[in-house]
Amino acid sequence: MLTIRQIAYRYPASTEAALTDVSFAATRGQVLGLLGPNGAGKTTLIALLAGLLRLQAGEITVDGLPLAATRARKPTRIALAPQEYAFYPSLTVTENLDCFAGVGGLFGSRRQQRIGECLAFVQIERHAHTRAARLSGGLKRRLNLAIALLHEPELLLLDEPTVGVDPQSRVFLLDAIRKLAQSGCAVIYTSHYMEEIEAIADYAVFLDEGRVVKQGPLAELLAEADAAGLRARPRHGNLEQLFMALTDHSLRG
Amino acid sequence: MLAALIKKELLSLLRDVYGVAALFMMPALFIIVMSMALKDFYEPAARPLIYGVENLDQGKPAARLLDRWAQENGPPQPLSADWHTELAAGRLQYVLVVDAGFSAQASDLDSKGDAKVRLLAEPGLNQALFETKRAKLIEAVTRLRAEILLAQLDLGINAAALAESIPVVAERAGAGPRPTAVQQNVPAWLLFGMFFVVASISSLFVEERACGALARLRSLGARPWRLVVGKLLPYLLVNGLQAALMLAIGIWLMPVIGGEGLSLQGVNWGALIVMLLAISLAAVSLALALACLVGSHSQAMTIGPTIIMLMAALGGIMVPTFLMPPVMQTLASYVPMNWGFEGLLNVLLRNGDFAAIAPAVTKLTLFALLMLGSGFVLFRRRL
């Protein structure tokens, strides 16, 4: 569905490239885990896919059509759930959903129907008339996801969707994301939590300093880590050992 | 899409209690407080000044002069022995001292004496009031001497009739309402309130940017011009509501609480609406440009309001420009708030029509376009 070929990006004020020669593909029904230390280029890549930055080199296509053309025809085919709580704290849950539904071009009964479905999907109907600022961290994350689902996207970009939530909410969110993939949506999921990626991803891409240092089906990567003797320490999965081996153990600024 | 953006903006503003208070309560309170405080500034004759008389002359001319003065200015207060202290402390506003020998001197045209009528004012007396009293006293003494002269020459001229037929007419040009504290303060603080949208727009925009909602709107395909218009239109509406409320306070509330009512008699409504639209466009465009310029909530809450306060001080809102020295008056003529104020005064005080407000409307519109252009460029950079 999504094909990324040799893309590069450098911020105007920076001398170093944020992304260099990045290539991978994502298919429908798949959760693609995008991994990398801070500053690896994950957020830049997400911003490019969400149309927030303009591609400088390389090519991104959706079903064979350039990303810009896809977005021009129907921007809501790709949805973004940013790392921040990207909604209006003074508006209620329903008012937030109504606002983003309207901006994305949903009207009338269809709009009301989708708002109801998204509230139900993330199970926040009880809080429909609560102001977003008063929601708990977990409920805010669920609202963030609900807004992203309003327009039934074919590609869902989730940037650290479980940051700051309790274990129950995290399990709920991971289940919800898995269900979305099973329904045919392509999901690109960035996270620092390796166990999350191990739990839901089908494919993983490791980014470091703007480059892809490793990618492949998750099962193959885990087998490779196992074969390389990167044994898991207690409470740490094999994927984390592979991640540390690929990106070295030094702290990143 | 635009309807959703406008609804979101209005809901966000309505939930910001302090923001709404700043936009509606603050200018309303300023109108009430400043109109009441400055009531006597625009109507100095409404309340007679407290004065006393020390007549050291026993002649009839002096007595006639003081009788006439009492008829026009009310009866004098009895003076105590230490009236100088009371005058210096402001408990008396002025004292007329008639020197001994004044009557004799006034009756003798060849007199070389130096007896005078002295106007001694308290140190804090308004300069305009002081000058008015001085002019009145000169007129009264001159009239007295003219009457005595005519009587001595025995020309058969009726001095009283002559005084009644002085060929001087003083009146205000045009048929507009006379200037009162309310007539000045309603447009002044309405204008201030309209420009104060900068605080709300900046604050909401910074929040929208920081929380990622703006990025989400962009990813949903909202074009920058739509996002800008989505902010412009709700605040034009807010400015319209502010104008309606402030005018209503001037017309209906001020008379109830003891002030003069705002008079819209003879006002050209079309010109007033065009003037308000031009002010609103300039105010919201400036607010949008500043909102795109600031990077944090604290900057939003300090830079914008500070600029508005400075514009109000320079533009004649806080201090009338006619009280400023020439340099400051020149400076004021470059301040958009002053263009708006002069335009509103043209409509509300001088019954100005479209031609009268054309210069102000043109300058405000050009300023709005400049701010919108700058804001749009900054907005795209912030996205």
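How many residues does the contact take from chain A and from chain B? With contact meaning heavy atoms within 4.5 Å, the contact takes 31 residues from chain A and 23 from chain B. The model is a predicted one, in which local features need pLDDT of at least 70 and side-chain atom pairs count only at pLDDT 80 or more, while totals for chains, interfaces and linings use all residues. Residues are numbered from 1 along each chain as its sequence is written, chains are lettered from A in the order in which they are written, and side-chain values use heavy atoms, with hydrogens and water left out.

Chain A and chain B bury about 2200 Å² between them, 59% of it on carbon and sulfur atoms, where buried area is the accessible area (1.4 Å probe) that two parts lose on being put together, summed over both. In chain A, the residues that lose the most area to chain B are Leu52(A), Tyr88(A) and Val103(A), which together make up 28% of what that side buries.

Between the two chains the count is 2 salt bridges, a salt bridge being a side-chain nitrogen of Lys or Arg within 4 Å of a carboxyl oxygen of Asp or Glu. The side chains of Asp98(A) and Lys7(B) meet in a salt bridge, at 3.1 Å from N to O. On the side of chain A that touches chain B, the largest share, 6 residues, comes from α3(A), helices being DSSP runs (H or I, at least four residues) numbered from the N terminus.

Note on methods. Helices (H or I, at least four residues) and strands (E, at least two) are DSSP runs, numbered from the N terminus.
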